[in-house]
Amino acid sequence: MKNSTEVTQFIFLGLTNDPELQVPLFVIFTLIYLITLIGNLGMIMLILLDSRLHTPMYFFLSNLSLVDFGYSTAVTPKVMAGFLIKDKVISYNACAAQMFFFVAFATVESYLLASMAYDRYAAVCKPLHYTTAMTTSMCARLVIGSYVCGFLNASIHTGDTFTLSFCDSNLVRHFFCDIPAIVVLSCSDRHITELVLICVVSFNIFFALLVILISYTFIFITVLKMHSSAGYQKALSTCASHLTAVSIFYGTIIFMYLQPSSSHSMDTDKMASVFYTMIIPMLNPVVYSLRNKEVKRAYEVVLEAKLSLGLQF
């Protein structure tokens, strides 16, 4: 199929057209984005500055923070512009770029969460062999593999979506260029595109989930065999943050993408999309820092260092 030249831009219908909600929503989403920005970039800087956090778990966490910042930035600023200056138009190429980077970063996050599950398995089930199992090269391979899978997946979906013809409507019943919202506008046969979407997303989700489930099955078996309550509590606290992040992320993704476009309710999809494009990237740094003594300690050290520098001047 060849691209239609009739549609050169898309127009977002956005979250709401109620004029009274535009400013409050702009303020809310600006605050969410600022918290996401400070939380994720702050986490990266904290891990870089504190040598005690130079471990495999925090290497993965720093990449997770980078990815959260990336896919939130691919979507949120355009939504904020829509509320503030009523700019709800996006060019054909910009829409393709937004879709590409959002899908890429979301897929990378999926594989990073699987890599972190394997890391937790090695830490809890094979503590004596942890340093030899999770070497620097092993961690680098897992992270690079996550990025390769993410950008390859984004290339497949973006290429597949934008080879469709768009010749009827350019009104996107969404606030960003999400795949189902764009595919439904096509005037050509979209059966193959929907099939590719479901098959590729299913593979990515279930492969990553399989790694996570197998890892946690072994973790729970190991935890149940522990006779020390201190070891039991340490194992659970080590995994709690990761399990929370996994549940939120995969629950939303499965709800959004593993259904045909005919069964999509765009209003429901919008609410779910707000959750995984804006709320999850904001929550991840909070989830990982609230339940993590090492991160809290690192924050305190950095804060004390800044206070002492301030007092000197």
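Let's start with the aromatic pairs: in this predicted model, the count comes to 21 of them. One to look at is Phe29 with Phe83, a stacked pair whose ring centres are 5.6 Å apart, with 10 degrees between the planes. Phe29 sits in helix α1, residues 19-49, and Phe83 in helix α3, residues 76-84, so this pair ties together parts that are 54 residues apart in sequence. Both Phe29 and Phe83 are buried.

Now please turn to another pair, Phe102 and Phe176. Here the arrangement is edge-to-face, at 5.1 Å centre to centre and 65 degrees between the planes. This pair, too, links distant parts of the chain: Phe102 belongs to helix α4, residues 92-125, while Phe176 is in the loop between β3 (171-172) and α7 (179-183), 74 residues apart. Are these two buried or exposed? Phe102 has a relative accessible area of 2%, so it counts as buried. Phe176 is buried as well, with a value of 0%.

Let me finish with a polar residue, Asn284. You'll find Asn284 in helix α10, which covers residues 266-290. Its relative accessibility is 6%, and therefore Asn284 counts as buried. So which side chains does Asn284 join through polar contacts? One is Asp68, at 2.8 Å, and another is Glu109, at 3.1 Å. If we leave aside neighbours within four places in sequence, Asn284 is in contact with Asp68 and Glu109, and also with Leu64 and Ala245.

Terms used
Residues are numbered from 1 along each chain as its sequence is written. This is a predicted model: local features need pLDDT of at least 70, side-chain atom pairs count only at pLDDT 80 or more; totals for chains, interfaces and linings use all residues. Side-chain values use heavy atoms; hydrogens and water are left out. Rings of Phe, Tyr and Trp (its six-membered ring) pair if their centres lie within 6.5 Å; planes under 30 degrees apart count as stacked, over 60 as edge-to-face and the rest as tilted. Helices (H or I, at least four residues) and strands (E, at least two) are DSSP runs, numbered from the N terminus. Buried means under 20% relative accessible area, exposed over 50%, partly exposed in between (1.4 Å probe, protein chains only). A polar contact is a pair of N or O atoms within 3.5 Å; within protein, one must be able to donate a hydrogen and the other to accept it, and residues adjacent in sequence count only if both atoms are side-chain atoms. Contact means heavy atoms within 4.5 Å.
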